[in-house]
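Hi,

Here is the structure I promised to pass on. Have a look at it first, and then read my notes below.

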Amino acid sequence: MASTAKLDIPQSRVAPAPVKKVHYPFWFGGSASCFAAAVTHPLDLVKVRLQTRGTGAPSSMLGTFGHVIKNDGFLGLYSGLSAAMLRQITYSTTRFGIYEELKSRFSTPDSPPGLLALVGIACASGFIGGIAGNPADVLNVRMQSDAALPPDQRRNYRHAFHGLVQMTRTEGPASLFRGVWPNSTRAVLMTASQLASYDTFKRICIQKLGMSDNLGTHFSASLMAGFVATTVCSPVDVIKTRVMSATPAESRGHSLLGLLRDIYCKEGFTWAFRGWVPSFIRLGPHTIATFIFLEEHKKLYRFLKGIPEEKCKA
């Protein structure tokens, strides 16, 4: 008679439960960036004012804050917010969406992409995102710096869509892509130094430092990513702001190399890091807020889908 005794299988031979790779919605990055932009917009405005300041304008971050509030009121700190939102909807949705999609395709739950692969994915994502978000970026810079111009030179865009129409009518469709190459270059550097470094720092925190995948880890990794991104992007960010904020008379006949030569002759090498402190004070919190909001988006998505935390891999 065949034995009906239950066979004891050694625990070491039992296959572990498979790790599930989760595919998140494309728009999560753009949504998280919009929340972050709403929090950090005043810092972004001050950074732009410092990078484009004229003679007699405050040269410090606190002085610029006070100058804006004195002349435009507290709500003046939110000038151009509609353009900032449009920029995140176009630029950040594109770059985050493509980055997460490519990262998902080139990875398995047990074998995530290495640093070089992440940088390559981020560069491609950032370049496409920079082109997609350029019209809103031009508007964002113009609306933030408009109040600092003499009254007869102000563009007085009421909101982002009014600005798009006015730019197209008065300067032609090509104006929407003014500064697209320095902007795309900045987007490549930003995405590579921000997204790729965040994933790398997060992996180091979890795998090397023994930290849990929690809010503290997300904060630490995003803070370090913000520092890297600010330093790498500072020179291109200054050039992009100068090109986009220039009036048609100022930009006529000036090539990018000519602009660089003029800036260097007037300001020396320090132009490359002009506004670094307000850039970091803005980009640091923005990076932290973006990734914390993004991780919370993902956490809520897993909760709604009933995916256990220990059996999933982002």
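Let me start with a salt bridge: the side chains of Glu100 and Lys298 pair up, at 3.7 Å from N to O. This one links distant parts of the chain, since Glu100 sits in helix H3 and Lys298 in helix H10 (residues 276–305), 198 residues apart. Bear in mind that this is a predicted model. Lys298 is buried, with a relative accessible area of 6%, while Glu100 is partly exposed at 21%. Both belong to a network of salt bridges that also takes in Lys103 and Asp199. Across the whole structure, the search turned up nine salt bridges.

Glu171 is worth a look too. Its salt bridge with Arg142 has the closest N and O atoms 2.8 Å apart. Glu171 lies in helix H5 (residues 160–171) and Arg142 in helix H4, so the pair ties together parts that are 29 residues apart in sequence. Glu171 also forms a salt bridge with Arg178, this time with 3.6 Å between the closest N and O atoms. As for burial, Arg142 comes out at 0% relative accessible area and is buried; Arg178 counts as buried at 17%, and Glu171 is partly exposed at 26%.

Helix H4 (residues 115–145) gives the most to the patch, with three residues. Trp181 is found in helix H6 (residues 180–207) and counts as exposed, at 57% relative accessibility.

Cheers

Methods: Residues are numbered from 1 along each chain as its sequence is written. This is a predicted model: local features need pLDDT of at least 70, side-chain atom pairs count only at pLDDT 80 or more; totals for chains, interfaces and linings use all residues. Side-chain values use heavy atoms; hydrogens and water are left out. Helices (H or I, at least four residues) and strands (E, at least two) are DSSP runs, numbered from the N terminus. Buried means under 20% relative accessible area, exposed over 50%, partly exposed in between (1.4 Å probe, protein chains only). A salt bridge is a side-chain nitrogen of Lys or Arg within 4 Å of a carboxyl oxygen of Asp or Glu.
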